[in-house]
There are 2 protein chains.
Amino acid sequence: MAACPNAQLLKNNLKTNPKYCFRFKNTENFPSINTLKPSRAATKLISITCSTATELQDRPPAATSSAAAEDRIFNFGAGPAVLPEKVLRKAQSELLNWHGSGMSVMEMSHRGKDFISIIEKAEADLRTLLSIPQDYAVLFLQGGATTLFASASLNLCNPGDPVDYLVTGSWGDKASKEAKKYAKVNVIWSGKSENYVRIPDFDELEQNPDAKYLHICTNETIHGVEFKNYPTPKNKNGIIVADMSSNFCSKPVDVTKFGLIYAGAQKNVGPSGVAIVIVRKDLIGKAQEITPIMLDLKIQAENKSLYNTPPCFGIYICGLVFEDLLEQGGLMEIEKKNKKKGETLYDAIDNSNGFYRCPVEKSVRSLMNVPFTLERSELEAEFIKEAAKEKMVGLKGHRSVGGIRASIYNAMTLLGVENLVAFMEDFKARHG
Amino acid sequence: MAACPNAQLLKNNLKTNPKYCFRFKNTENFPSINTLKPSRAATKLISITCSTATELQDRPPAATSSAAAEDRIFNFGAGPAVLPEKVLRKAQSELLNWHGSGMSVMEMSHRGKDFISIIEKAEADLRTLLSIPQDYAVLFLQGGATTLFASASLNLCNPGDPVDYLVTGSWGDKASKEAKKYAKVNVIWSGKSENYVRIPDFDELEQNPDAKYLHICTNETIHGVEFKNYPTPKNKNGIIVADMSSNFCSKPVDVTKFGLIYAGAQKNVGPSGVAIVIVRKDLIGKAQEITPIMLDLKIQAENKSLYNTPPCFGIYICGLVFEDLLEQGGLMEIEKKNKKKGETLYDAIDNSNGFYRCPVEKSVRSLMNVPFTLERSELEAEFIKEAAKEKMVGLKGHRSVGGIRASIYNAMTLLGVENLVAFMEDFKARHG
């Protein structure tokens with residue numbers, strides 16, 4: 001260990017701050033992790049790197065640190081997912097008395113000036129993050145993206161109108177099935193037979209010029225397939241409808257390319273119970289007669305999401321997240337961080353000599369959900385069990401596909417990804 | 001003051017604990033409130049009573065008291081409404097790390113064992129509170145009661161089936177209008193022409209034997225009309241559907257009298273964003289084909305409210321409230337407290353020689369929402385303004401009816417009601 005410039009730092013940190021994480025740049029030069037860490041349970045996985053700057057940035061300010069925080073784990077769950085600790089701390093400090101109002105946000109009238117200021121700021125900040133033009137309405141609704149599966153065709157189609165669905169994963173598939181109740185659905189391409197590992201060449205697609213819209217799911221949470229660019233809609237109205245639930249606000253998006261964008265908040269921007277809609281105002285107001293009033297986007301837009309009582313606390317948390325994303329420099333900065341996290345994890349998989357394997361075509365690999373399998377699939381359960389001991393949870397692949405899935409949304413720090421990669425290398429060293 | 005047994009107590013409390021509230025039993029014997037309280041802004045409204053036991057019980061334990069808590073106000077809003085301070089404190093303490101899980105409830109997978117334990121306990125506790133039999137499903141949904149307006153007929157009727165609606169306020173009226181999209185609605189009685197001040201003699205009602213159900217709203221939040229007993233359904237299936245949003249869990253209810261009960265949580269049992277459904281299992285499974293899957297109660301029941309991601313944090317808060325209601329002794333005890341609060345406030349109105357007036361027929365006055373007007377309506381704005389200075393807010397009547405409305409849900413303490421009544425007496429003394 002004497003040769004290691006970080007040996008002392010490492011020793012100190014083992015004592016003083018077991019949460020720090022260092023990664024070996026060159027494993028050969030150093031003793032194995034196990035010799036450094038007699039009791040796996042006692043501390044986090046320890047490894048060494050010479051650049052801890054990023055990790056340090058990723059840590060919450062020491063001033064706000066607490067026992068509770070030190071005990072927090074790395075949550076790789078697909079959603080509901082990890083939220084910024086900073087946001088949780090703010091919500092915690094304001095929980096009984098928001099800004100001197102004498103009440104919790106959970107207790108406020110949704111029509112009072114306090115909550116109105118909260119929802120208006122949330123909308124304004126989201127408009128800034130995504131440069132949403134004024135001819136688009138921004139709505140905070142309930143029922144998740146699954147409710148929007150129905151709302152899309154109920155609001156944009158007359159009964160039986162043709163619509164095109166490009167199906168690149170389970171969620172796009174579910175969306176197309178729900179739409180069949182209200183429109184004539186044509187699945188113009190589906191990756192199902194190939195287990196959803198790619199996105200087709202857009203020129204292959206036979207779009208229907210009479211379709212009311214082309215529907216895509218920009219990131220498939222279960223299969224880890226993400227659109228890096230978007231097809232040009234060939235329908236007369238030039239409308240794309242996009243379910244952006246699992247990569248919403250993870251990178252800049254040109255909203256004007258879309259007629260309707262919808263997303264459940266519980267991946268990148270908030271808790272479950274809030275669904276965000278961004279819709280071109282000229283497209284709404286012609287909902288089918290059978291549309292439940294709560295699913296009528298025109299009614300919701302006219303009432304600024306307050307036709308009935310909205311999910312106030314969830315909207316408040318989304319607002320805190322938007323604030324945090326702006327403070328981090330906006331979505332271009334967020335995208336840089338997400339790319340770095342994604343590269344780090346995919347490199348670990350691709351450089352494992354097949355010990356770890358990601359089935360998804362490299363060009364469309366998701367920066368949000370990273371599914372992978374182990375060459376020896378019998379080791380997957382052990383991998384998940386040992387990772388949990390290292391305080392890394394939520395790694396089990398979706399029950400429909402199995403394997404491992406690491407979701408690395410905005411709020412997952414590079415520190416967390418480095419920690420996972422170090423564990424993967426360690427696990428491979430012990431089982432490879 | 002020498003003659004007053006509470007003089008010293010009062011003086012001490014002015015210094016040591018301005019939050020205590022005492023009520024005059026006999027105002028004549030004591031100097032006016034203002035002489036006791038030179039600066040209205042400096043302390044809360046002070047009055048004297050000889051029995052402070054209840055008030056003391058109503059206060060949070062000193063141990064958990066904090067600056068934030070001392071600053072909390074009396075929230076008479078109609079919903080979202082005041083929550084038990086105890087519940088908010090627990091949520092605050094667990095916000096970053098629920099039961100050592102290392103994450104917030106907002107970050108948990110809805111399919112993980114931690115959240116499953118939360119939702120299962122919430123359901124179990126609610127079943128205990130309302131003695132819900134096993135042949136009824138309990139669901140935690142989204143979209144508020146307004147979404148359930150549609151779900152009721154979509155799930156219980158074939159298109160065009162007749163249904164009876166008994167309309168005793170704005171919410172029953174809204175429910176009947178939404179149902180017209182999916183069923184043949186017959187409004188068998190409406191109090192609209194009388195501005196909703198009464199409930200008819202049930203024998204007057206001409207129910208349709210072929211109706212699929214009889215719909216009622218058991219407590220009209222805006223008009224303050226509450227069912228004290230329920231009509232016997234004359235339809236062949238003997239089904240009553242009840243919107244219980246604003247008096248849910250405020251008293252015991254014989255669930256078996258109803259086919260479907262639904263309620264937004266944001267009045268008595270939680271934050272907004274959660275809608276609770278109690279439905280007889282044999283009635284679901286025949287939803288209309290056009291039913292959005294999220295509104296299909298059978299799908300939700302089969303999936304134990306987890307067909308998609310539910311509003312996890314809201315359900316968790318509801319669970320904490322249910323726990324608190326059980327600790328208070330269950331709904332019979334809660335009803336006693338609510339009756340005491342209601343009597344206290346209605347007495348103040350009825351004994352004001354017409355200075356304050358409640359338009360609702362005494363036999364059906366709501367114990368949850370108490371609407372009243374001032375004889376001199378020009379004083380109402382002043383009343384609301386002065387009350388706010390005394391840290392009593394949310395008293396403005398609904399924009400559709402005006403006047404004053406004091407909502408005194410489960411979490412509003414008797415202390416709060418006593419405080420309001422003392423203020424009303426003071427206001428009358430100064431303006432009467």
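**View 1. The two chains and the axis that relates them.** In this predicted model, chain A can be laid on chain B with an RMSD of 0.0 Å by a turn of 180 degrees and a shift of 0.0 Å along the axis, where the copies are superposed by least squares on the C-alpha atoms of residues with pLDDT of at least 70 in both. That is the relation of a two-fold axis. The same surface serves both copies, since 100% of the contact residues of chain A recur in chain B, and contact here means heavy atoms within 4.5 Å. Residues are numbered from 1 along each chain as its sequence is written, and chains are lettered from A in the order in which they are written. Local features need pLDDT of at least 70, side-chain atom pairs count only at pLDDT 80 or more, and totals for chains, interfaces and linings use all residues, while side-chain values use heavy atoms, with hydrogens and water left out.

**View 2. The interface of chain A and chain B.** The size of an interface is often given as the accessible area lost when the parts come together. Here 60 residues from chain A and 60 residues from chain B take part in the contact, and the area buried between the chains (accessible area, with a 1.4 Å probe, that two parts lose on being put together, summed over both) is about 4,700 Å², of which carbon and sulfur atoms give 59%. On the side of chain A, Leu96(A), Met106(A) and Glu107(A) lose the most area to chain B, together 16% of what that side buries.

View 3. Side chains of opposite charge can pair when their charged atoms come close. Across the interface of chain A and chain B there are two salt bridges, each being a side-chain nitrogen of Lys or Arg within 4 Å of a carboxyl oxygen of Asp or Glu. Arg72(B) and Glu107(A) meet through their side chains in a salt bridge, at 2.8 Å from N to O. The elements that give two or more residues to the side of chain A that touches chain B are α5 (85–93), α7 (144–156), α8 (170–179) and α10 (312–327) of chain A, with helices taken as DSSP runs of H or I of at least four residues and strands as runs of E of at least two, numbered from the N terminus. Among these elements, α5(A) gives the most, with six residues.

View 4. The side chains of Glu85(B) and Arg89(B) meet in a salt bridge, at 3.0 Å from N to O. Because they are four residues apart in helix α5 (residues 85–93) of chain B, Arg89(B) and Glu85(B) are separated by about one helical turn.

**View 5. Backbone features in loops.** Most residues other than glycine have a negative phi, and most peptide bonds are trans. A cis peptide bond joins Gly79(A) and Pro80(A), with omega about -5 degrees, and Pro80(A) lies in the loop between β1 (74–75) and α5 of chain A. In chain B, the peptide bond from Gly79(B) to Pro80(B) is cis, with omega near -5 degrees. Asn195(A), although not a glycine, has a positive phi of about 60 degrees, and Asn195(A) is found in the loop between β4 (184–190) and β5 (214–217) of chain A.
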